[in-house]
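Please look through the sequence and the model shown below before reading on. The paragraphs that follow lead from the sheet to a pocket and then to a single loop residue.

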Amino acid sequence: MRLRAPQPPSERGVYRDRPYWLWLPESEPPWPAMVILHGAGSAKENHADFARLCAASGWAALSYDQRGHGESSDEMSPQAVDDVGRMATMLAERDDVRTRRICVRGSSMGGFLAIHAAATHSALAGVIAVCPATEEGLRRGLRDGELEMRADAGALDAWLAEHDVAEAASLLAGRPLMLLHARGDERVPYTSSEAIFSRAGEPKRLLLLPGGHHRWIQHDAELQTVSLRWLERALDAG
């Protein structure tokens with residue numbers, strides 16, 4: 001039996017120094033859109049599964065290499081937060097994207113950046129954060145050399161010392177926040193998502209799953225679908 005090849009990106013390119021892949025739905029535009037953020041030591045290609053799910057569900061989906069990762073030529077730095085807003089702007093400039101329905105989904109460090117970016121950029125309409133990292137955990141990873149990325153460690157550490165992801169979640173101003181975390185996460189304790197959830201306003205949802213590990217939820221097709229459907233309903237209700 002011949003297996004069907006995975007759907008390739010509709011477009012590949014570089015925008016504002018960020019190498020990206022973009023998937024577009026087959027349905028009629030305009031579409032909602034999702035900016036997808038990978039974690040430390042990862043790359044845009046590693047979240048193609050979620051991007052394909054988005055496209056199959058009628059969403060445009062853009063994944064890109066963050067600073068210090070993949071095909072990027074620079075170092076991870078505090079400007080990574082503004083990169084999220086820039087990529088959302090790129091999507092908003094397209095005639096086939098619904099400008100008020102651009103959301104962000106991130107995993108681990110990407111989940112951390114997704115929350116901070118939405119707190120900073122009001123154009124981001126909603127957030128899905130999977131096992132989001134914390135400032136303390138990222139600072140420890142930088143100090144111990146555990147984060148597999150090229151980084152401006154001094155500038156990044158100073159920025160992390162001055163910020164709080166739970167406080168950022170409180171600034172989402174009524175925009176939906178979906179948090180997913182495995183209780184068995186060996187890298188980021190699930191209590192970090194509980195702390196973020198406690199500070200966030202409605203609409204919000206927290207899914208804590210028994211067992212598992214740090215990378216499990218990111219690529220679980222059922223949980224990807226659950227999170228996307230919840231976000232759609234929350235946006236419609238809003």
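In what order do the eight strands of the open sheet lie? The order is 1-2-4-3-5-6-7-8, and the pairing is mixed; here helices (H or I, at least four residues) and strands (E, at least two) are DSSP runs, numbered from the N terminus, and two strands pair if DSSP finds at least two bridges between them. Strand 1 (11–15) and strand 8 (204–209) stand at the edges with a single partner strand each, so one side of each is left without a neighbour in the sheet. Direction ignored, neighbouring strands of this sheet are turned by 20° against each other on average, where axes are lines fitted to C-alpha atoms, for helices over the stretch in contact, and angles run from 0 to 180 degrees between N-to-C directions.

This is a predicted model, in which local features need pLDDT of at least 70 and side-chain atom pairs count only at pLDDT 80 or more, whereas totals for chains, interfaces and linings use all residues. Residues are numbered from 1 along each chain as its sequence is written, and side-chain values use heavy atoms, with hydrogens and water left out.

The largest pocket has a volume of about 400 Å³. Of the 24 residues that line this pocket, Ser108, Leu147, Arg187, Val188 and His214 are the closest to its centre, while helix 4 (residues 135–144) gives the most to the lining, with five residues.

Proline 203 is found in the loop between helix 7 (191–199) and strand 8. Proline 203 counts as partly exposed because its relative accessibility is 24%. Its C-alpha atom is separated by 9.4 Å from that of alanine 237, which is 34 residues apart from proline 203 along the chain.

Notes
On a 1 Å grid over the protein atoms alone, a cavity is a set of points where a 1.4 Å probe fits but cannot get out, and a pocket is an open set with protein on both sides within 12 Å along at least five of seven lines; lining residues have an atom within 4 Å of a point. Grid points are joined across faces, edges and corners, and a volume is the space filled by probe spheres set on the points. Buried means under 20% relative accessible area, exposed over 50%, partly exposed in between (1.4 Å probe, protein chains only).
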